Amino acid sequence: MKSVAFAGLLTALFGAQAVLATAEWGQCDGIGYGSHPCDAGLTCVYVNDYYSQCQKSTGATTTTSRPGGTTTTTTSVTTTTGGSSPNTNSLNTKYKAKGKQYWGTCGDQGTLSQSQCAQVVKDDFGALTPENSLKWDATCVVFLYMVSYVPLLMQPGVHWVSSIGDKNTLTTVIQNHATTLVTRYKGKIAKWDVVNEMFNEDGSVRSSVFSNVLGTTFVDIAFNAARAADGSAKLYINDYNLDSVNSKVNGLVNLVNQKKSAGVPIDGIGSQAHLSAGQTGGFLAALQKLASTSVTEVAVTELDIVNAASNDYLAISNACLQVPKCVGITSWGVSDKDSWRASSNPLLFNGSFQPKPAYTALINSL
Ligand SMILES: *[C@@H]1O[C@H](CO)[C@@H](O)[C@H](O)[C@H]1NC(C)=O
(Lines give C-alpha, C1' and ligand atoms only; values in the text may rest on other atoms or scores of the structure.)
Protein backbone atom coordinates (compact mmCIF):
# COMPACT_ATOMS: atom_id res chain seq x y z
CA MET A 1 0.00 0.00 0.00
CA LYS A 2 2.80 2.34 0.82
CA SER A 3 4.33 2.10 -2.59
CA VAL A 4 1.08 2.95 -4.30
CA ALA A 5 0.56 5.90 -2.01
CA PHE A 6 4.00 7.21 -2.77
CA ALA A 7 3.62 6.67 -6.45
CA GLY A 8 0.40 8.61 -6.55
CA LEU A 9 1.89 11.37 -4.55
CA LEU A 10 5.06 11.67 -6.51
CA THR A 11 3.13 11.50 -9.74
CA ALA A 12 0.87 14.27 -8.54
CA LEU A 13 3.76 16.63 -8.08
CA PHE A 14 6.12 15.64 -10.81
CA GLY A 15 3.33 15.11 -13.28
CA ALA A 16 2.31 18.70 -12.75
CA GLN A 17 5.84 19.89 -13.39
CA ALA A 18 5.98 17.94 -16.61
CA VAL A 19 2.62 19.38 -17.73
CA LEU A 20 1.26 15.96 -18.59
CA ALA A 21 -2.41 15.09 -18.62
CA THR A 22 -3.48 13.27 -15.48
CA ALA A 23 -3.37 9.46 -15.44
CA GLU A 24 -6.06 7.17 -14.02
CA TRP A 25 -6.67 7.78 -10.27
CA GLY A 26 -4.71 11.02 -10.40
CA GLN A 27 -6.11 14.27 -9.05
CA CYS A 28 -7.75 16.49 -11.68
CA ASP A 29 -9.52 19.19 -9.68
CA GLY A 30 -10.00 20.62 -6.20
CA ILE A 31 -9.83 23.82 -4.19
CA GLY A 32 -6.24 25.02 -4.14
CA TYR A 33 -5.25 22.56 -6.83
CA GLY A 34 -7.01 23.83 -9.91
CA SER A 35 -8.40 22.06 -12.91
CA HIS A 36 -6.19 19.63 -14.82
CA PRO A 37 -7.05 17.55 -17.89
CA CYS A 38 -7.30 13.76 -17.63
CA ASP A 39 -5.70 11.35 -20.07
CA ALA A 40 -7.84 10.25 -23.03
CA GLY A 41 -10.66 7.89 -22.04
CA LEU A 42 -10.78 9.21 -18.47
CA THR A 43 -13.33 11.45 -16.80
CA CYS A 44 -12.70 13.84 -13.93
CA VAL A 45 -14.95 12.52 -11.14
CA TYR A 46 -15.87 14.74 -8.20
CA VAL A 47 -15.05 13.26 -4.78
CA ASN A 48 -15.15 16.32 -2.56
CA ASP A 49 -14.49 20.04 -2.87
CA TYR A 50 -10.79 19.43 -2.44
CA TYR A 51 -10.40 16.40 -4.63
CA SER A 52 -11.59 15.09 -7.97
CA GLN A 53 -10.03 12.08 -9.59
CA CYS A 54 -9.45 10.80 -13.16
CA GLN A 55 -11.36 7.57 -13.69
CA LYS A 56 -12.25 5.39 -16.66
CA SER A 57 -15.28 6.81 -18.46
CA THR A 58 -17.66 3.93 -17.85
CA GLY A 59 -20.58 6.11 -16.92
CA ALA A 60 -21.09 3.86 -13.89
CA THR A 61 -19.63 6.18 -11.30
CA THR A 62 -21.97 8.49 -9.52
CA THR A 63 -20.64 11.94 -8.96
CA THR A 64 -22.22 12.84 -5.67
CA SER A 65 -20.97 15.32 -3.15
CA ARG A 66 -19.37 14.08 0.08
CA PRO A 67 -20.20 10.40 0.39
CA GLY A 68 -23.30 9.83 2.40
CA GLY A 69 -23.90 12.85 4.52
CA THR A 70 -23.32 16.35 5.70
CA THR A 71 -20.30 17.19 7.76
CA THR A 72 -21.16 19.64 10.46
CA THR A 73 -18.01 20.50 12.35
CA THR A 74 -14.40 21.29 11.70
CA THR A 75 -12.92 18.67 13.94
CA SER A 76 -13.84 15.24 12.75
CA VAL A 77 -15.45 13.28 9.99
CA THR A 78 -17.42 11.35 12.57
CA THR A 79 -19.64 14.27 13.40
CA THR A 80 -21.96 13.68 10.51
CA THR A 81 -25.68 13.28 10.41
CA GLY A 82 -27.38 9.97 9.81
CA GLY A 83 -25.75 6.59 10.12
CA SER A 84 -26.58 3.05 11.07
CA SER A 85 -25.09 3.16 14.54
CA PRO A 86 -25.11 5.96 17.12
CA ASN A 87 -21.92 7.97 16.96
CA THR A 88 -21.72 8.10 20.74
CA ASN A 89 -20.87 4.41 20.68
CA SER A 90 -18.42 4.57 17.82
CA LEU A 91 -14.91 3.26 18.09
CA ASN A 92 -13.61 6.76 17.50
CA THR A 93 -15.84 8.36 20.12
CA LYS A 94 -14.98 5.77 22.72
CA TYR A 95 -11.28 5.98 22.01
CA LYS A 96 -11.41 9.77 22.31
CA ALA A 97 -13.23 9.41 25.62
CA LYS A 98 -10.13 7.55 26.82
CA GLY A 99 -8.01 10.59 26.05
CA LYS A 100 -6.86 9.81 22.53
CA GLN A 101 -7.31 12.04 19.47
CA TYR A 102 -8.91 9.52 17.13
CA TRP A 103 -9.37 5.98 15.85
CA GLY A 104 -9.10 6.41 12.11
CA THR A 105 -8.99 4.43 8.92
CA CYS A 106 -7.64 4.75 5.43
CA GLY A 107 -9.71 5.17 2.35
CA ASP A 108 -9.74 6.24 -1.21
CA GLN A 109 -12.11 6.70 -4.11
CA GLY A 110 -12.40 2.96 -4.66
CA THR A 111 -13.59 2.35 -1.10
CA LEU A 112 -15.25 5.61 -0.11
CA SER A 113 -17.45 5.54 -3.19
CA GLN A 114 -19.11 2.42 -1.76
CA SER A 115 -21.98 3.83 0.27
CA GLN A 116 -21.68 1.13 2.95
CA CYS A 117 -18.01 1.89 3.39
CA ALA A 118 -18.58 5.63 3.55
CA GLN A 119 -21.27 5.06 6.16
CA VAL A 120 -18.99 2.97 8.37
CA VAL A 121 -16.22 5.53 8.02
CA LYS A 122 -18.57 8.25 9.21
CA ASP A 123 -20.11 6.15 11.94
CA ASP A 124 -16.99 4.66 13.44
CA PHE A 125 -13.83 6.48 12.46
CA GLY A 126 -12.51 9.93 13.24
CA ALA A 127 -9.56 10.32 10.91
CA LEU A 128 -8.80 9.44 7.36
CA THR A 129 -5.51 8.60 5.67
CA PRO A 130 -5.50 8.60 1.87
CA GLU A 131 -4.75 5.05 0.87
CA ASN A 132 -3.72 5.50 -2.72
CA SER A 133 -3.93 9.15 -3.47
CA LEU A 134 -3.69 12.60 -2.13
CA LYS A 135 -6.92 14.01 -0.89
CA TRP A 136 -9.48 14.76 1.73
CA ASP A 137 -11.15 17.68 3.23
CA ALA A 138 -10.39 20.18 5.89
CA THR A 139 -11.89 18.29 8.77
CA CYS A 140 -9.70 15.22 8.95
CA VAL A 141 -6.63 14.06 10.73
CA VAL A 142 -4.66 12.71 7.83
CA PHE A 143 -1.37 10.98 7.46
CA LEU A 144 0.08 11.31 4.05
CA TYR A 145 3.09 9.62 2.59
CA MET A 146 5.55 12.02 1.32
CA VAL A 147 9.07 10.84 0.80
CA SER A 148 9.71 7.55 -0.82
CA TYR A 149 12.53 5.09 -1.21
CA VAL A 150 14.04 3.96 -4.41
CA PRO A 151 11.68 1.21 -5.64
CA LEU A 152 8.87 3.71 -5.47
CA LEU A 153 10.75 6.17 -7.55
CA MET A 154 10.86 3.58 -10.28
CA GLN A 155 7.16 4.01 -10.76
CA PRO A 156 6.25 5.47 -14.15
CA GLY A 157 6.79 9.18 -14.32
CA VAL A 158 9.43 9.48 -11.66
CA HIS A 159 12.38 7.71 -13.22
CA TRP A 160 14.14 11.01 -13.50
CA VAL A 161 14.23 11.39 -9.72
CA SER A 162 16.04 8.12 -9.15
CA SER A 163 18.66 9.12 -11.69
CA ILE A 164 19.56 12.39 -9.97
CA GLY A 165 23.14 12.26 -8.75
CA ASP A 166 23.66 15.88 -7.84
CA LYS A 167 23.14 16.95 -4.23
CA ASN A 168 21.87 20.42 -4.99
CA THR A 169 19.42 19.20 -7.59
CA LEU A 170 18.04 16.48 -5.34
CA THR A 171 17.79 18.91 -2.43
CA THR A 172 15.74 21.25 -4.58
CA VAL A 173 13.53 18.41 -5.79
CA ILE A 174 12.77 17.32 -2.22
CA GLN A 175 12.15 20.90 -1.14
CA ASN A 176 9.84 21.56 -4.07
CA HIS A 177 7.97 18.34 -3.43
CA ALA A 178 7.49 19.02 0.26
CA THR A 179 6.71 22.68 -0.17
CA THR A 180 4.20 22.17 -2.97
CA LEU A 181 2.22 19.44 -1.27
CA VAL A 182 2.21 20.75 2.27
CA THR A 183 1.38 24.25 1.10
CA ARG A 184 -1.45 22.97 -1.08
CA TYR A 185 -3.10 21.30 1.92
CA LYS A 186 -2.03 23.73 4.60
CA GLY A 187 -4.55 23.81 7.41
CA LYS A 188 -6.42 20.85 5.94
CA ILE A 189 -4.07 18.01 6.79
CA ALA A 190 -3.22 17.61 10.44
CA LYS A 191 -0.37 15.11 10.25
CA TRP A 192 2.04 14.32 7.46
CA ASP A 193 4.16 11.26 7.01
CA VAL A 194 7.24 13.09 5.83
CA VAL A 195 9.70 10.21 5.72
CA ASN A 196 8.41 6.70 5.25
CA GLU A 197 10.22 3.36 5.44
CA MET A 198 13.78 4.63 5.40
CA PHE A 199 15.24 1.75 7.42
CA ASN A 200 16.39 -1.77 6.71
CA GLU A 201 15.43 -4.47 9.17
CA ASP A 202 18.88 -4.30 10.80
CA GLY A 203 18.34 -0.63 11.59
CA SER A 204 20.66 0.68 8.91
CA VAL A 205 19.48 3.28 6.42
CA ARG A 206 17.89 1.82 3.33
CA SER A 207 19.65 2.46 0.07
CA SER A 208 17.72 4.99 -2.02
CA VAL A 209 18.45 7.88 -4.28
CA PHE A 210 17.88 10.09 -1.25
CA SER A 211 20.27 8.36 1.15
CA ASN A 212 22.80 7.52 -1.53
CA VAL A 213 23.15 11.12 -2.68
CA LEU A 214 22.46 13.02 0.54
CA GLY A 215 23.10 10.61 3.40
CA THR A 216 20.54 11.13 6.12
CA THR A 217 20.43 14.88 5.49
CA PHE A 218 17.48 14.18 3.18
CA VAL A 219 15.54 13.80 6.42
CA ASP A 220 16.52 17.31 7.53
CA ILE A 221 15.70 18.76 4.12
CA ALA A 222 12.26 17.17 3.95
CA PHE A 223 11.21 17.98 7.52
CA ASN A 224 12.49 21.54 7.37
CA ALA A 225 10.66 22.21 4.10
CA ALA A 226 7.44 20.67 5.43
CA ARG A 227 7.65 22.73 8.61
CA ALA A 228 8.26 25.92 6.65
CA ALA A 229 5.19 25.18 4.53
CA ASP A 230 2.85 24.49 7.47
CA GLY A 231 3.95 25.37 10.96
CA SER A 232 0.97 23.67 12.55
CA ALA A 233 0.85 20.24 10.94
CA LYS A 234 2.50 17.41 12.88
CA LEU A 235 5.39 15.91 10.96
CA TYR A 236 6.05 12.19 11.22
CA ILE A 237 8.63 9.59 10.43
CA ASN A 238 6.91 6.26 9.79
CA ASP A 239 7.97 2.66 9.35
CA TYR A 240 6.86 -0.97 9.54
CA ASN A 241 8.10 -3.90 11.63
CA LEU A 242 8.41 -1.66 14.69
CA ASP A 243 6.31 -4.23 16.52
CA SER A 244 8.81 -5.25 19.17
CA VAL A 245 12.04 -3.72 20.41
CA ASN A 246 14.30 -4.81 17.56
CA SER A 247 17.20 -3.49 15.51
CA LYS A 248 14.89 -1.42 13.34
CA VAL A 249 13.28 0.26 16.36
CA ASN A 250 16.72 0.99 17.77
CA GLY A 251 17.95 2.38 14.46
CA LEU A 252 14.93 4.64 14.16
CA VAL A 253 15.18 5.81 17.76
CA ASN A 254 18.88 6.62 17.32
CA LEU A 255 18.23 8.61 14.17
CA VAL A 256 15.31 10.51 15.69
CA ASN A 257 17.37 11.39 18.77
CA GLN A 258 20.23 12.56 16.61
CA LYS A 259 18.03 14.62 14.30
CA LYS A 260 15.98 16.09 17.15
CA SER A 261 19.10 17.27 18.94
CA ALA A 262 20.20 18.88 15.67
CA GLY A 263 16.91 20.79 15.56
CA VAL A 264 15.13 18.83 12.82
CA PRO A 265 11.39 19.34 13.37
CA ILE A 266 10.24 15.74 13.78
CA ASP A 267 7.02 15.76 15.81
CA GLY A 268 6.00 12.14 15.74
CA ILE A 269 6.87 8.53 15.02
CA GLY A 270 4.39 6.26 13.28
CA SER A 271 4.36 2.50 13.70
CA GLN A 272 2.49 0.93 10.80
CA ALA A 273 1.57 -2.29 12.65
CA HIS A 274 0.83 -4.71 9.83
CA LEU A 275 0.78 -7.65 12.19
CA SER A 276 0.61 -11.41 12.15
CA ALA A 277 -1.68 -13.26 14.52
CA GLY A 278 -0.15 -13.52 17.99
CA GLN A 279 2.55 -10.99 17.11
CA THR A 280 1.36 -8.30 19.49
CA GLY A 281 3.14 -9.23 22.72
CA GLY A 282 6.11 -6.92 22.20
CA PHE A 283 4.16 -4.00 20.84
CA LEU A 284 3.76 -2.01 24.05
CA ALA A 285 7.48 -2.11 24.82
CA ALA A 286 8.29 -1.02 21.29
CA LEU A 287 5.79 1.84 21.41
CA GLN A 288 7.26 2.94 24.75
CA LYS A 289 10.70 2.89 23.24
CA LEU A 290 9.56 5.09 20.34
CA ALA A 291 7.86 7.42 22.82
CA SER A 292 11.06 7.64 24.88
CA THR A 293 12.50 9.97 22.24
CA SER A 294 11.77 13.67 22.40
CA VAL A 295 9.00 13.55 19.81
CA THR A 296 5.72 14.88 21.14
CA GLU A 297 3.61 12.07 19.74
CA VAL A 298 3.58 8.53 18.42
CA ALA A 299 0.80 6.77 16.55
CA VAL A 300 -0.27 3.41 15.16
CA THR A 301 -0.65 4.30 11.51
CA GLU A 302 -1.70 1.27 9.42
CA LEU A 303 -3.12 -1.35 11.74
CA ASP A 304 -4.22 -4.70 10.42
CA ILE A 305 -3.79 -8.12 12.02
CA VAL A 306 -3.99 -11.44 10.21
CA ASN A 307 -7.35 -13.05 11.08
CA ALA A 308 -8.17 -10.18 13.43
CA ALA A 309 -8.18 -12.04 16.74
CA SER A 310 -9.82 -9.98 19.47
CA ASN A 311 -6.93 -10.37 21.91
CA ASP A 312 -4.46 -9.07 19.32
CA TYR A 313 -6.58 -6.01 18.61
CA LEU A 314 -7.03 -5.39 22.33
CA ALA A 315 -3.27 -5.59 22.83
CA ILE A 316 -2.66 -2.81 20.31
CA SER A 317 -5.53 -0.67 21.59
CA ASN A 318 -4.30 -1.06 25.17
CA ALA A 319 -0.70 -0.37 24.19
CA CYS A 320 -1.71 3.01 22.76
CA LEU A 321 -3.83 3.73 25.83
CA GLN A 322 -0.87 2.98 28.08
CA VAL A 323 1.53 5.29 26.24
CA PRO A 324 0.61 8.90 26.95
CA LYS A 325 2.28 10.17 23.78
CA CYS A 326 0.26 7.78 21.60
CA VAL A 327 -2.35 10.00 19.95
CA GLY A 328 -4.38 7.41 18.09
CA ILE A 329 -4.73 4.39 15.88
CA THR A 330 -5.46 4.15 12.18
CA SER A 331 -6.96 0.90 10.89
CA TRP A 332 -5.65 0.16 7.42
CA GLY A 333 -9.07 -0.04 5.85
CA VAL A 334 -12.65 -0.79 6.77
CA SER A 335 -13.78 -4.05 5.17
CA ASP A 336 -11.72 -7.19 4.77
CA LYS A 337 -12.74 -7.37 1.13
CA ASP A 338 -10.96 -4.09 0.39
CA SER A 339 -7.85 -4.83 2.45
CA TRP A 340 -4.47 -5.09 0.76
CA ARG A 341 -4.27 -8.35 2.71
CA ALA A 342 -7.85 -9.40 1.91
CA SER A 343 -7.09 -13.12 2.03
CA SER A 344 -6.12 -12.86 5.70
CA ASN A 345 -9.23 -10.98 6.85
CA PRO A 346 -7.25 -8.58 9.02
CA LEU A 347 -9.73 -5.74 9.57
CA LEU A 348 -12.61 -4.91 11.93
CA PHE A 349 -15.46 -5.26 9.41
CA ASN A 350 -16.22 -8.24 7.22
CA GLY A 351 -16.90 -8.30 3.50
CA SER A 352 -20.47 -7.16 4.14
CA PHE A 353 -19.30 -4.28 6.32
CA GLN A 354 -20.60 -6.02 9.43
CA PRO A 355 -18.54 -5.61 12.62
CA LYS A 356 -16.40 -8.61 13.52
CA PRO A 357 -15.70 -10.01 17.00
CA ALA A 358 -12.57 -7.86 17.38
CA TYR A 359 -14.65 -4.75 16.79
CA THR A 360 -17.12 -5.78 19.47
CA ALA A 361 -14.31 -6.64 21.85
CA LEU A 362 -12.74 -3.22 21.33
CA ILE A 363 -16.04 -1.42 21.89
CA ASN A 364 -16.66 -3.42 25.04
CA SER A 365 -13.18 -2.68 26.34
CA LEU A 366 -13.48 1.07 25.95
C1 LIG B 1 -20.63 -10.61 7.75
O2 LIG B 1 -21.19 -10.84 9.01
C3 LIG B 1 -22.59 -11.04 8.98
C4 LIG B 1 -23.08 -11.10 10.40
O5 LIG B 1 -22.31 -12.03 11.14
C6 LIG B 1 -22.90 -12.28 8.17
O7 LIG B 1 -24.30 -12.48 8.11
C8 LIG B 1 -22.35 -12.10 6.77
O9 LIG B 1 -22.51 -13.28 6.03
C10 LIG B 1 -20.87 -11.76 6.82
N11 LIG B 1 -20.42 -11.44 5.50
C12 LIG B 1 -19.29 -11.91 5.00
C13 LIG B 1 -18.98 -11.55 3.60
O14 LIG B 1 -18.52 -12.59 5.65
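I started with the contact between two helices: Phe283, Leu284 and Leu287 of α11 meet Ala315, Ile316, Ala319 and Gln322 of α12. I sorted the residues of this α11 and α12 contact by class and got 6 nonpolar, 1 polar and no charged. I note that the model is predicted.

Next I looked up the geometry. Two packed helices are described by the angle between their axes and the distance between the axes. Helix α11 spans residues 283–291, and helix α12 spans residues 310–322. I find that their axes come within 9 Å and cross at roughly 30°.

Then I turned to the ligand. Which residues are around the ligand? I list Asn350, Gly351, Ser352 and Gln354. How does the shell around the ligand divide by class, and what are the counts? I count 4 polar residues in the shell, with no nonpolar and no charged ones.

Last, I took totals for the protein chain. I find 13 helices and 11 strands in the chain. The chain has 366 residues, and 52% of them count as buried. I then looked at contacts between residues at least 6 apart in sequence. Of these, 70% join residues at least 24 apart.

Note on methods. Residues are numbered from 1 along each chain as its sequence is written. This is a predicted model: local features need pLDDT of at least 70, side-chain atom pairs count only at pLDDT 80 or more; totals for chains, interfaces and linings use all residues. Helices (H or I, at least four residues) and strands (E, at least two) are DSSP runs, numbered from the N terminus. A residue is buried if 20 or more other C-beta atoms lie within 10 Å of its own, exposed if 12 or fewer, and partly exposed in between; C-beta atoms are placed from the backbone. Two residues are in contact if their C-beta atoms, placed from the backbone, lie within 7 Å. Axes are lines fitted to C-alpha atoms, for helices over the stretch in contact, and angles run from 0 to 180 degrees between N-to-C directions. Ala, Val, Leu, Ile, Met, Phe, Trp, Tyr, Cys and Pro count as nonpolar, Asp, Glu, Lys and Arg as charged, and the others, Gly among them, as polar. A residue is near a molecule or strand if its C-beta atom, placed from the backbone, lies within 6 Å of it.
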